[in-house]
Amino acid sequence: MTNAEAMQPYQRIVQDVRDQIATGRLPAGAKIPGIKALAEEYQVAAGTVQRALTELRALGLVYSHQGRGSFVSEQASAKADSTADAIRRLEERVDELTARLERLEQKSD
């Protein structure tokens, strides 16, 4: 069983929205699709989508306006930016270490 299969349906929605925020596909202020649209997309009941949105609000990733919908919070976008920066720094460090290892291997040949 894969990780995605082990998730509850609402958790899958939460994870997908988190991933979209982290990758910048949903920037701060972006409107999240409505309950009906998400229910159709994920083939779940409206209550499942509502539970996912409640979780996303509790995490501080989205905020909602009655009658207008749910939107990505500034906090979520800032967190995604800092995560992306940390990933870039790690990638740079891995590149550095890979180059050093290659040089050491060349010396030992």
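This is a predicted model: local features need pLDDT of at least 70, side-chain atom pairs count only at pLDDT 80 or more; totals for chains, interfaces and linings use all residues.
Good morning. Strand S1, residues 31-32, pairs with strand S3 in the antiparallel sense, and two bridges connect them.

S3 itself covers residues 69-72. Strand S2, residues 62-65, also runs antiparallel to S3, and four bridges join these two. Within S3, Val 72 is the residue that stands opposite Val 62. S2 and S3 together form a hairpin, with three residues between them. In that turn, Gly 67 has a positive phi of about 85 degrees.

I turn now to one residue of S3, namely Ser 70. Is Ser 70 buried or exposed? Its relative accessible area is 8%, so Ser 70 is buried, the cut-off being under 20%. Which residues does Ser 70 touch? Leaving aside residues up to four places away in sequence, the contacts of Ser 70 are Ala 30, Lys 31, Ile 32, Leu 53, Arg 57, Tyr 63 and Ser 64. With Ser 64 there is also a polar contact, side chain to side chain, at 2.7 Å.

Next, the aromatic rings. The count of aromatic pairs comes to one. That pair consists of Tyr 63 and Phe 71, whose ring centres are 5.7 Å apart and whose planes make an angle of 25 degrees. Why is the pair called stacked? The term applies because planes under 30 degrees apart count as stacked, and the angle here is 25 degrees. As for accessibility, Phe 71 is buried at 10%, whereas Tyr 63 is partly exposed at 35%.

Another ring deserves mention. Arg 51 lies over the face of Tyr 10, at a distance of 3.8 Å from the ring centre.

Finally, the charged side chains. How many salt bridges are there by the rule applied? The count is one. Arg 93 and Glu 96 form this salt bridge, and their closest N and O atoms are 2.8 Å apart. Both residues belong to helix H5, which spans residues 74-108. Because they are three residues apart in that helix, about one helical turn separates Arg 93 from Glu 96. Arg 93 is partly exposed, with a relative accessibility of 40%, and Glu 96 is likewise partly exposed, at 43%.

Thank you for your attention.

Definitions and conventions:
Residues are numbered from 1 along each chain as its sequence is written. Side-chain values use heavy atoms; hydrogens and water are left out. Rings of Phe, Tyr and Trp (its six-membered ring) pair if their centres lie within 6.5 Å; planes under 30 degrees apart count as stacked, over 60 as edge-to-face and the rest as tilted. Buried means under 20% relative accessible area, exposed over 50%, partly exposed in between (1.4 Å probe, protein chains only). A charge sits over a ring if NZ of Lys or CZ of Arg is within 6 Å of the ring centre and within 35 degrees of the ring normal. A polar contact is a pair of N or O atoms within 3.5 Å; within protein, one must be able to donate a hydrogen and the other to accept it, and residues adjacent in sequence count only if both atoms are side-chain atoms. Contact means heavy atoms within 4.5 Å. Two strands pair if DSSP finds at least two bridges between them. A salt bridge is a side-chain nitrogen of Lys or Arg within 4 Å of a carboxyl oxygen of Asp or Glu.
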